[in-house]
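Work through the exercises below with the sequence and the coordinates at hand. Each task is followed by a stepwise solution.

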Amino acid sequence: MAETNGAIVRVRGVHKYFRRGSERLDVLQDLTLEVPEGEYLGLMGPSGSGKTTLLNLIAGLDRPSEGEVWVGGQLISAMSEAQLARWRTRNIGFIFQFYHLLPVLSAYENVELPLLLLGLSRSERRRQVMTALELVGLADRIHHRPGQLSGGQQQRVGIARAIVTDPTLIVADEPTGDLDARSAEEILNLLDELRRSLHKTILLVTHDPRAAERADRVLHLHKGQLVEQAQ
């Protein structure tokens, strides 16, 4: 186990590149990052700068070409695919721009999905699902399907699904990008509240300066490198 010094995320000397025929495309170059436990970190940068790539490495959805990624004292960049899948289920809560809800399932069933992989009893699952839906203010919408909910409500269901397993880390990729200004503000307020009440570490990728303003710290990706912005 690595010495974390209070950091829940440690990215060490990470390179990420892709091959296109004989050409090598470098997305991240010798990138190092530490995220203290409980921090709300914003990641900004132009399209193609590597924001989502970095988020995917930290969330265990992808692997670095070189370097190490540690989360919660575990070297996730060295895990097998099966180990990563189990680790993600318990440790990462994902919030996406386009919600990724299953249209044939109710709000309750969408939030319950991650718990089905954890071997919990039906009553334990129900307790955790209802707690999550109450936290996002949708306990009265449990039987509604996504098509019966507004965009903001669908994103709230997505957030409930992200927190239902009590994850180590919440990663949010453009969570307000598909919402009107009012709904976006409500979602940002909700993330603030979850951070305060649940003491979660949040990594937020965004193009929206209003969203970035909520973060404790904002880093900009430029040509595969991180540059800190004064808050």
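**Exercise 1.** Determine which way the residues of strand β6 (residues 92-95) point, and whether they are buried or exposed.

Solution. Step 1: Ile-92 and Phe-94 point one way from β6, while Gly-93 and Ile-95 point the other way. Step 2: all of these residues are buried, where buried means under 20% relative accessible area, exposed over 50%, and partly exposed in between (1.4 Å probe, protein chains only). Helices (H or I, at least four residues) and strands (E, at least two) are DSSP runs, numbered from the N terminus. Step 3: β6 pairs with strand β7 (residues 169-173) in the parallel sense, over four bridges; two strands pair if DSSP finds at least two bridges between them. Step 4: the bridge partner of Ile-95 in β7 is Ala-172.

The model is predicted: local features need pLDDT of at least 70, side-chain atom pairs count only at pLDDT 80 or more, and totals for chains, interfaces and linings use all residues. Residues are numbered from 1 along each chain as its sequence is written, and side-chain values use heavy atoms, with hydrogens and water left out.

**Exercise 2.** Give the strand order of the open sheet formed by four strands, and identify its edges.

Solution. Step 1: the order is β2-β1-β4-β5, with antiparallel pairing. Step 2: β2 (23-36) and β5 (74-75) each have a single partner strand, so one side of each is left without a neighbour in the sheet. Step 3: β1 and β2 are joined by 10 bridges, and Val-11 has Leu-33 in β2 as its bridge partner. These two strands form a hairpin with two residues between them, and Gly-21 in the turn has a positive phi of about 65 degrees. Step 4: β1 is joined to β4 by five bridges, with His-15 opposite Glu-66 in β4. Step 5: two bridges join β4 (residues 66-71) to β5, and Val-71 stands opposite Gln-74 in β5.

**Exercise 3.** Describe how α5 is enclosed.

Solution. Step 1: α5 has 13 residues and reaches 19 Å from its first C-alpha to its last, close to the 18 Å expected at 1.5 Å a residue; the expected span is 1.5 Å times one less than the number of residues. Step 2: 12 of the 13 residues are buried, so α5 is largely enclosed by the rest of the structure. Among them are Gly-152, Val-157 and Arg-161. Step 3: what covers the buried residues of α5 includes β6, α3, α4, β7 and α6 (181-198), by contact, meaning heavy atoms within 4.5 Å.

**Exercise 4.** State the volume of the largest pocket and which residues lie nearest its centre.

Solution. Step 1: a pocket is an open set of points on a 1 Å grid over the protein atoms alone where a 1.4 Å probe fits, with protein on both sides within 12 Å along at least five of seven lines; lining residues have an atom within 4 Å of a point. Step 2: the volume is about 330 Å³, taken as the space filled by probe spheres set on the points, which are joined across faces, edges and corners. Step 3: of the 16 lining residues, Thr-89, Ile-92, Phe-94, Pro-114 and Arg-161 lie nearest the centre. Step 4: α2 (81-91), β6 and α5 each supply at least two residues of the lining.
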